[in-house]
Amino acid sequence: MRLPEVRMPYFILFYDVVDDFPSKRISFRVQHLRRVQDAHDRGELLMAGALAEPADRAVLIFRVDGRSAVEEFARGDPYVTSGLVTRWHVRPWMQVIATQPDEDALVKPS
């Protein structure tokens with residue numbers, strides 16, 4: 001009997017940020033981007049970026065075994081520890097369309 005394949009889930013980390021975030025983040029940006037790059041290099045963080053017009057939120061998409069890894073990332077992020085992030089939360093995400101052959105999705109590329 002073959003066991004079902006265990007697939008690594010996706011999670012989205014949402015940040016709500018302070019007013020005038022783009023200018024206030026400058027002092028912490030290098031440290032934040034280093035943390036982002038390290039998570040990406042480990043294969044945990046797939047995409048990240050701030051929302052624009054208005055610049056009031058940021059979104060980071062992770063593919064990890066569980067939400068605790070995402071929560072740990074947020075708790076140690078310089079944007080969070082410096083108070084630039086006013087609120088953050090993690091939500092599981094179900095990917096529907098796959099863009100890469102090894103991605104898990106409901107709809108596969110043909």
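**Terms and values**

Visitor: Why is arginine 87 called partly exposed?
Guide: Arginine 87 has a relative accessible area of 46%. Buried means under 20%, exposed means over 50%, and partly exposed is in between, with a 1.4 Å probe and protein chains only as cover. The value 46% falls in between, so arginine 87 counts as partly exposed.

Visitor: What kind of model is this, and which parts of it count?
Guide: The model is predicted: local features need pLDDT of at least 70, side-chain atom pairs need pLDDT 80 or more, and totals for chains, interfaces and linings use all residues. Residues are numbered from 1 along each chain as its sequence is written, and side-chain values use heavy atoms, without hydrogens and water.

Visitor: How many helices and strands does the chain have?
Guide: There are four helices and four strands. They are DSSP runs numbered from the N terminus: helices are H or I with at least four residues, strands are E with at least two. Along the sequence the pattern reads β-α-α-β-β-α-α-β.

Visitor: What makes strand E1 largely enclosed?
Guide: E1 covers residues 10–17. Eight of its eight residues are buried, so the rest of the structure largely encloses this strand. Both faces are covered. Tyr10, Ile12, Phe14 and Asp16 are buried on one side, and Phe11, Leu13, Tyr15 and Val17 on the other.

Visitor: Why do residues of a strand fall on two sides?
Guide: In a regular strand, side chains alternate between the two faces of the sheet.

Visitor: How do you know that E1 and E3 pair?
Guide: Two strands pair if DSSP finds at least two bridges between them. E1 and E3 (residues 57–63) have seven, in the antiparallel sense. Seven meets the cut-off, so they pair. Isoleucine 12 has isoleucine 61 as its bridge partner in E3.

Visitor: How many bridges join E1 and E4?
Guide: Eight, again antiparallel, with E4 spanning residues 85–93. In E4, arginine 91 stands opposite isoleucine 12.

Visitor: What makes arginine 57 and aspartate 16 a salt bridge?
Guide: A salt bridge needs a side-chain nitrogen of Lys or Arg within 4 Å of a carboxyl oxygen of Asp or Glu. Here the closest N and O atoms are 2.7 Å apart. That is within 4 Å, so the pair qualifies. It links distant parts of the chain: arginine 57 in E3 and aspartate 16 in E1, 41 residues apart. Arginine 57 is partly exposed, at 26%.

Visitor: How do you know that arginine 87 and aspartate 16 form a salt bridge?
Guide: Their closest N and O atoms are 3.6 Å apart. That too is within 4 Å, so the pair counts.

Visitor: How many aromatic pairs are found in the whole structure?
Guide: The search finds three. One of them is tyrosine 10 with tryptophan 93, edge-to-face.

Visitor: Why is that pair called edge-to-face?
Guide: Rings of Phe, Tyr and Trp (its six-membered ring) pair if their centres lie within 6.5 Å; planes under 30 degrees apart are stacked, over 60 edge-to-face, the rest tilted. Tyrosine 10 and tryptophan 93 are 5.6 Å centre to centre, with 80° between the planes. The angle is over 60, so the pair is edge-to-face. Tyrosine 10 is in E1 and tryptophan 93 in E4, so the pair ties together parts 83 residues apart in sequence. Tyrosine 10 is buried at 5%, while tryptophan 93 is partly exposed at 34%.

Visitor: What makes arginine 35 lie over the face of phenylalanine 73?
Guide: A charge sits over a ring if NZ of Lys or CZ of Arg is within 6 Å of the ring centre and within 35 degrees of the ring normal. Arginine 35 lies 5.1 Å from the ring centre, over the face of phenylalanine 73.
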